[in-house]
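Have the model open beside you as you read.

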Amino acid sequence: MSLSNTEKEIQCVVHWFTGWSALQKKDFLHDLLDKLVPKNVDTLFDSMQMLGVQDKPPSIFQCQLKLFGEWFTHWSDAERNDFMMKLRTIDAAFVNEFEYEAARVSR
């Protein structure tokens, strides 16, 4: 059975996630919150980073986050839920922290 493009993208991001450091996962958590909870306002520094204001080339991690952002916007709610379930099987503590932060920010 052939995987859809979205399924391949999800597999790719899950694979990246397994190789990220704790600090990178923390950055990813904030990126994910920004995408799923629009009330989460970026700081000026974060906004500048998103605009690409840097004095050096992006890291592989930054490129991965950029690709994730491009893909994520096209995923359906069901596909996003599938992605979160896959993350939960790998790192339940990460997803629990995400859910806690999302609930806190949404209040």
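**Notebook: helices, pairs and buried side chains**

The scale I used calls a residue buried under 20% relative accessible area, exposed over 50%, and partly exposed in between, with a 1.4 Å probe and protein chains only. Glutamate 101 counts as buried, at 16% relative accessibility. I found a salt bridge between glutamate 101 and arginine 104, with the closest N and O atoms 2.6 Å apart. A salt bridge here is a side-chain nitrogen of Lys or Arg within 4 Å of a carboxyl oxygen of Asp or Glu. Both residues lie in helix H6, three residues apart, about one turn of the helix.

**Ground rules**

I am working on a predicted model, in which local features need pLDDT of at least 70 and side-chain atom pairs count only at pLDDT 80 or more, while totals for chains, interfaces and linings use all residues. Residues are numbered from 1 along each chain as its sequence is written, and side-chain values use heavy atoms, with hydrogens and water left out.

**The chain as a whole**

I looked up the secondary structure next and found six helices and zero strands. Helices (H or I, at least four residues) and strands (E, at least two) are DSSP runs, numbered from the N terminus. The order from the N terminus on is α-α-α-α-α-α. Of the 107 residues in the chain, 31% are buried. I also checked contacts, meaning heavy atoms within 4.5 Å. Among those between residues at least 6 apart in sequence, 74% join residues at least 24 apart.

Lysine 25 is buried, at a relative accessible area of 18%.

My other entry is the salt bridge of glutamate 97 with lysine 26, where the closest N and O atoms are 2.7 Å apart. It links distant parts of the chain, with glutamate 97 in helix H6 and lysine 26 in helix H2, 71 residues apart. Glutamate 97 is partly exposed at 29% relative accessible area, and lysine 26 is partly exposed at 40%.

Is leucine 29 buried or exposed? Leucine 29 is buried, with a relative accessible area of 1%, and its place is in helix H2. Leaving out residues up to four places away in sequence, leucine 29 touches Phe94, Glu97, Phe98 and Glu101. I also noted the C-alpha atoms of leucine 29 and valine 95, which are 8.7 Å apart although 66 residues separate the two along the chain.

Threonine 6 lies in helix H1 and counts as buried at 16% relative accessibility. With residues up to four places away in sequence left out, threonine 6 touches Trp75 and Glu79.

Two packed helices are described by the angle between their axes and the distance between the axes. The axes are lines fitted to C-alpha atoms, for helices over the stretch in contact, and angles run from 0 to 180 degrees between N-to-C directions. Angles under 35 degrees count as roughly parallel, over 145 as roughly antiparallel, 65 to 115 as roughly perpendicular and the rest as oblique.

For helix H1 (residues 5–19) and helix H4 (residues 60–72), I find axes that come within 11 Å and cross at roughly 150°. H1 and H4 are therefore roughly antiparallel to each other. In this contact, Glu9, Cys12, Val13 and Trp16 of H1 meet Gln64, Leu67, Phe68 and Trp71 of H4.

H2 and H4 pack at about 25°, with axes 11 Å apart, and are therefore roughly parallel to each other. The residues in contact are Gln24, Asp27, Phe28, Asp31, Leu32, Lys35 and Leu36 of H2 and Phe61, Leu65, Phe68, Gly69 and Phe72 of H4.
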